[in-house]
Amino acid sequence: MIDFLVIGGGMAGILGASYLSDDYKTTVIERLPIEQVGENIWGIMNEKAFRGIVREFGMEDIDRALFFDYIQIHDCDGRVLVEYNLPLVAVKVGYIHKAMLKTFDGFCLREKISATKLIEKGGIVIKVGLEGKKHEAATFRHLIDASGFSLFTSKKNMIRERHYLFGHNIYKFFQSSIRDIHTDVDKAMLHLVMCDVYTPGGFSVTFFNKNNAIVCGFYNEYMSKIPASERVNYIKNSLGILGILYETHMWRIPMCHPLVDVAYGNIFLLGASTLSIYPKFTSGVVHNMDLTKGMITQLIRIINEQDDISHAGYVYTQSYIYNHIYRGLVNDIIRLLLLTMRSSEIEEVMNIVIGFIKDLSKEKVSILDIPNMATFASKFLGRPNVARIIQKLMNTIIQLYLLLKDFPKDKNNLVEWSREYNENYFSRVKDIVNSRLLSRVPISDLTK
Ligand SMILES: Cc1cc2nc3c(=O)[nH]c(=O)nc-3n(C[C@H](O)[C@H](O)[C@H](O)COP(=O)(O)OP(=O)(O)OC[C@H]3O[C@@H](n4cnc5c(N)ncnc54)[C@H](O)[C@@H]3O)c2cc1C
């Protein structure tokens, strides 16, 4: 029998399995051919972090990444609102994933195998059914879910029982390529379009690779009347780009829903997987890698220390929540802010934020300096509309933070506490977002 079965060979699964395999017999199953993982996703990250990954995984062909150090922010008419310096890299996530995979061995990888079913006994998963292999089922001691699969298939379906999803949590990501470009837009820059019409609650990014462009971004589909297929055309035309649209990919992802019990029986959730409540997109490659390393180290320690699997699950959940929640909340706040603002307000906020960043870079002072923060805050407070929304959002963060302080002492109370936390979150969000976003989204919608 193997010690760990890891479902999902994305970054989190591969990285997690590589650490586990130092001491444990570990197998990874991945439903795709492994070289296809992340191959269609262009990720954007800061240059320094990217160079760290290049060093860590000894990546070659660094010229496959695109480097930008200047950003222009546009409104939905293509008007430039702000420009600023920030060294960034656009790189295919699959390129990093491949380099990572080359570096590691020690675990067994079984690709093109999908987990389809969890077979449970007394709250513990004893077998996982595998697609296409009628009689084959994997057996193991512990299960690492680095795919989000267990959230939808475990008997005590974690999302259904302990979790709510609403329209404001569900986002659609899109990435399209455009060929043979003609445009007056400066191709050496990254162009960000902030717009409540074309990308409600989100934004899009356009970057050029010689005569081709990639448009990628996300929006709240429940707020949007523009069909997904037309969206890229709107954005590219607002920037005055002419070219042939030749490829579009879409993903539907629940982003940043507050809390869930992430360990169920002997299943431990890892990564920021597609179907997870913790956002894959905004968590980003670098953040995901850091968290995965941290969570696996803790998991090994917890399993070694705790004989009682239920208590191990409780300790793991607590640790996962503390590691994810702060950044998750901030991301949620940013998206809620974008969902509640009109273009003119977004412009105002962006100007304040960019102005603040510029001041900081000139004076070489820290963002944490109290006088700087006070100046920054006072600029917002001078604008009643923006200040009102921000104040509500800040209250939400503070209230949720206070609830975290009462983290339950054992697993039995965790479920009840999660429910309370979610109710609290929902009642606050209800005051902020549009009523259209407040109807519950069926879980089956997510897997479509
Ligand atoms: C559209 C998009 C844009 C992004 N942009 C950026 C960006 O700009 N910057 C940045 O830093 N990061 C970006 N990311 C995020 C980055 O890709 C993620 O942080 C990272 O890839 C998540 O890795 P993961 O292993 O947690 O999840 P995933 O990569 O989702 O891995 C999960 C794996 O599980 C497999 N799987 C699912 N179900 C099953 C099953 N039943 N059986 C077997 N296998 C299964 C899937 O095929 C998948 O390979 C983006 C992600 C997306 C989707």
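In the predicted model, four elements each contribute at least two residues to the shell around the ligand: helix H1 (11-20), strand S2 (26-30), strand S3 (42-46) and helix H7 (280-305). Among the elements, H7 provides the largest share of this shell, with six residues. In total, 35 residues lie around the ligand, and those that come nearest are Gly8, Gly10, Gly43, Gly271 and Gly284. By residue class, the shell consists of 18 nonpolar, 14 polar and three charged residues.

Helix H1, one of the elements that supply the ligand shell, also packs against helix H3 (residues 93-103). The axes of the two helices are 10 Å apart and form an angle of about 15°. Because angles under 35 degrees count as roughly parallel, H1 is described as roughly parallel to H3. The crossing of H1 past H3 is left-handed. On the H1 side, the contact involves Met11, Ile14 and Leu15, which meet His97, Met100 and Leu101 of H3. Five of the residues in this contact are nonpolar and one is polar, whereas charged residues are absent.

At the level of the whole protein, 13 helices and 16 strands are assigned. The protein comprises 448 residues, of which 38% are buried. Among contacts with a separation of 6 or more, 74% are accounted for by residues 24 or more positions apart.

Terms used. Residues are numbered from 1 along each chain as its sequence is written. This is a predicted model: local features need pLDDT of at least 70, side-chain atom pairs count only at pLDDT 80 or more; totals for chains, interfaces and linings use all residues. A residue is near a molecule or strand if its C-beta atom, placed from the backbone, lies within 6 Å of it. Ala, Val, Leu, Ile, Met, Phe, Trp, Tyr, Cys and Pro count as nonpolar, Asp, Glu, Lys and Arg as charged, and the others, Gly among them, as polar. Axes are lines fitted to C-alpha atoms, for helices over the stretch in contact, and angles run from 0 to 180 degrees between N-to-C directions. Angles under 35 degrees count as roughly parallel, over 145 as roughly antiparallel, 65 to 115 as roughly perpendicular and the rest as oblique. A crossing is left-handed if the near helix is turned anticlockwise from the far one by less than a right angle, and right-handed if clockwise. Two residues are in contact if their C-beta atoms, placed from the backbone, lie within 7 Å. A residue is buried if 20 or more other C-beta atoms lie within 10 Å of its own, exposed if 12 or fewer, and partly exposed in between; C-beta atoms are placed from the backbone.
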